[in-house]
Amino acid sequence: MDRLVFLLSSGLARGAVLALFALSLVIVWRSARVVNFAQAAMAITAVYAAFAITAASGSYWLGLLGALAAGALLGALVERGPLRFVRGDDPLSGMIIAIGLVMVLQAGLAMAFGPEHRPMRAPFPERPLMIGEIPVLSPYEVFVLIVAAAVMCALALLFGKTPLGLKLRAAAFAPETSRLLGVRVPRMVTIGWMLSVATAALAALLLVPTELGLNPHAADLLFVDAFAVAVVGGLDSPVGALAAGLIIGILDSLVTGYATAAAAPLAVLVLLTGVLLVRPRGLFAAADRRTG
Amino acid sequence: MTIPSTPDAVPRLEISGLGVAFGGLTVLDDVSFTVGRGETVALIGPNGAGKTTVFNAVCGLVRPHAGGVRINGRPAPASATRLPSAGVSRTLQGLGLFERMTVLENVLVPLSGTRGDHTAEARAILARLGLTALAERPAGALPYPERKRVALARALVTAPDLLLLDEPAGGLGAADIDALAGTVAEVAASGCSVLVVEHHVDFVMGVADRIVVLDFGRVIACGTPGEVRGDPAVEAAYLGLGAAS
Ligand SMILES: Nc1ncnc2c1ncn2[C@@H]1O[C@H](COP(=O)(O)OP(=O)(O)O)[C@@H](O)[C@H]1O
Ligand SMILES: [Mg+2]
């Protein structure tokens with residue numbers, strides 16, 4: 001029983017990070033119709049920026065802001081740079097650019113910072129708090145949950161309640177019609193990329209202290225899991241990303257705890273396959289499609 | 001009464017010598033006509049005549065290889081995005097609504113480029129078209145005639161001075177077409193120029209000051225409804241089809 005509570009609660013924290021990263025994939029999918037295979041490399045590049053800022057200033061919080069800013073900047077640069085030249089009906093060329101970008105970024109980071117794992121301190125203790133005899137969340141996990149929830153609420157408000165969000169949604173679902181209504185669609189695509197990579201950078205920043213440390217490949221597995229989350233939830237669905245993120249985070253934690261860590265990716269794969277067989281467009285996919 | 005910034009002699013929309021081709025296929029050939037201030041012009045012709053393509057050329061969605069489009073005496077914006085700021089609104093031949101957004105959100109999209117809260121303007125246009133009760137419903141969930149009205153509301157909310165309507169009566173029943181004709185007449189009376197593509201003959205005859213007839217990408221007739229109705233070339237190409245069958 002104690003173990004179950006512990007596994008559930010730490011699964012929740014991991015699920016929140018997964019959901020956040022999956023949400024970043026959903027955002028870029030909705031605004032640009034690409035699965036950004038470079039998302040992990042771009043996010044971890046932004047985390048290196050945060051690492052450098054924290055090292056120089058001594059402040060975790062400045063580093064956090066730096067990760068967001070670096071993520072947004074990187075998103076804009078990639079979208080305005082290489083990806084502008086492959087816009088079109090061919091998803092393959094975008095994918096190839098992304099793979100090239102992964103190699104360039106990860107090799108660049110290894111050359112600049114070295115390939116080793118650099119320890120990154122969490123701003124709060126990582127030992128679980130005890131409720132009676134039962135270990136539950138650590139203060140850092142509580143922090144992660146709060147930040148993830150706050151960012152998701154902020155994004156929901158931005159997309160749902162602001163004129164910018166209205167334009168982002170309009171441009172995502174009917175670019176041609178939106179143009180006729182005065183929406184600057186290319187600008188919305190850029191903003192979508194900025195929001196997406198900033199969100200991914202934050203997720204990676206939250207993850208790194210709980211893993212081996214900072215390394216050019218530190219977010220690779222996060223990407224794989226988050227991609228599964230996004231597909232299970234429905235690439236078009238922010239709510240799906242949240243729900244599937246929590247489900248997979250908890251599944252991962254339970255399998256790791258009761259069986260072995262090696263079995264966790266397998267369990268995720270089984271879930272992914274099952275969902276794809278039953279609902280190929282994801283659990284929360286909407287019925288309508290994007291139009292011209 | 002505000003003083004017009006351009007003299008009355010300058011038409012609101014001037015299409016001159018317009019030529020459009022897709023690949024080797026000529027879709028528009030030397031199309032010329034004007035729409036004056038507060039005037040309602042109907043653009044009619046058989047399916048595939050090129051009517052929607054005229055709209056697309058006005059909106060900067062297709063590049064003509066010959067001729068050009070002037071709005072209020074100035075060349076039409078090269079980018080569709082600048083149409084609303086040039087005072088132009090257009091409805092699409094289909095519906096073109098954002099199905100997952102609410103009715104109110106659909107109508108807010110064209111206003112979202114300028115600062116401030118535009119909810120009051122949006123609600124006013126919804127009220128005018130009898131859509132107030134549906135404001136918070138997703139557009140995709142409404143019956144077809146209501147969705148058609150949402151599309152019209154979205155075009156009117158920016159208070160355009162040139163309104164392009166592509167088959168606004170398509171799929172509507174008699175009562176809805178009458179209401180639409182009423183709205184178009186009101187809009188025109190307020191000084192807005194209207195260019196409307198429509199197959200519904202009674203609607204066209206009722207709202208249009210002038211009719212331009214297009215066939216195979218060429219203007220084959222142009223005149224008042226009375227003049228066009230009697231034109232033998234038009235009867236052969238278009239109206240005659242209905243009369244003969
Ligand atoms: N983007 C396009 N590419 C190729 N052909 C087109 C395109 N748009 C329209 N056409 C062709 O141009 C002709 C006129 O089309 P359209 O302007 O839609 O006609 P209408 O609106 O009068 O029914 C048709 O033969 C149509 O197939
Ligand atoms: Mg048409």
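Domain bounds here come from an automatic or database domain assignment. On that basis, chain B splits into domain 1 (1-87 + 164-245) and domain 2 (97-159). Please keep in mind that this is a predicted model.

- Taken over C-alpha atoms, the centres of domain 1 of chain B and domain 2 of chain B are 24 Å apart.
- Contact between these domains involves 11 residues of domain 1 of chain B and seven residues of domain 2 of chain B.
- About 760 Å² is buried between domain 1 of chain B and domain 2 of chain B, with 66% of it on carbon and sulfur atoms. On the side of domain 1 of chain B, the residues that lose the most area to domain 2 of chain B are B:Leu172, B:Thr183 and B:Val187, which together make up 37% of what that side buries.
- One salt bridge is counted between domain 1 of chain B and domain 2 of chain B. Helix α5 (residues 174-189) of chain B gives the largest share of the side of domain 1 of chain B that touches domain 2 of chain B, namely five residues.
- Three residue pairs in polar contact are also found across the interface of domain 1 of chain B and domain 2 of chain B.
- In chain B, the side chains of B:Arg128 and B:Glu186 form a salt bridge, at 3.4 Å from N to O.

**Where chain A meets chain B**

- Here 21 residues of chain A are in contact with 20 residues of chain B.
- Between them, chain A and chain B bury about 1800 Å², and 65% of this lies on carbon and sulfur atoms. Three leucines of chain A, A:Leu166, A:Leu180 and A:Leu181, supply 39% of the area that chain A buries against chain B, more than any other three residues.
- The polar side of this interface has one salt bridge and two residue pairs in polar contact. Two helices of chain A, α6 (163-173) and α7 (175-180), each supply at least two residues of the side that touches chain B. Helix α6 of chain A gives the largest share of that side, with six residues.

**A closer look at helix α6 of chain A**

- How many of the 11 residues of α6 of chain A are buried? Nine are, so this helix is mostly covered, buried meaning under 20% relative accessible area.
- Among the buried residues of this helix are A:Gly165, A:Leu166, A:Lys167 and A:Phe173.
- The cover over these buried residues includes α1 (2-32), α5 (139-161), α7 and α8 (185-207) of chain A, together with α2 of chain B.
- A:Ala170 sits in helix α6 of chain A and is buried, with a relative accessible area of 0%.
- Leaving aside residues up to four places away in sequence, A:Ala170 touches A:Pro175 and A:Ser178 in its own chain, and B:Phe98, B:Met101 and B:Val109 in chain B.

**Salt bridges**

- Over all chains, the whole structure holds 13 salt bridges.
- A:Arg169 and B:Glu105 form one of them, their closest N and O atoms being 2.9 Å apart. This pair crosses between chains, from helix α6 of chain A to helix α2 of chain B.
- Are these two partners buried or exposed? A:Arg169 is buried at 14% relative accessibility, and B:Glu105 is buried at 16%.
- Within chain A, A:Glu176 and A:Arg179 meet in a salt bridge of 3.8 Å, N to O. Both lie in helix α7 of chain A, three residues apart, about one turn of the helix.
- Within chain B, B:Glu136 and B:Arg123 meet in a salt bridge of 2.8 Å, N to O. B:Glu136 lies in the loop between α3 (119-128) and α4 (144-156) of chain B and B:Arg123 in helix α3, so the pair ties together parts that are 13 residues apart in sequence.
- A:Arg14, A:Asp225 and A:Asp252 are joined in a network of salt bridges.

- B:Thr52 lies in helix α1 (residues 51-58) of chain B and B:Gln93 in the loop between β6 (88-90) and α2 (103-108), so the pair ties together parts that are 41 residues apart in sequence.

Notes. Residues numbered from 1 in each chain as written. Chains lettered and ligands numbered in written order. Predicted model: local features only at pLDDT ≥ 70, side-chain atom pairs only at ≥ 80, totals over all residues. Heavy atoms only, no water. Helix = DSSP H or I, 4+ residues; strand = E, 2+ residues; numbered from the N terminus. Contact = heavy atoms within 4.5 Å. Buried area = accessible area lost by both parts, 1.4 Å probe. Salt bridge = Lys/Arg side-chain N within 4 Å of Asp/Glu carboxyl O. Polar contact = N/O pair within 3.5 Å; in protein donor to acceptor, adjacent residues only side chain to side chain. Buried < 20%, exposed > 50% of the residue type's maximum accessible area, 1.4 Å probe, protein only.
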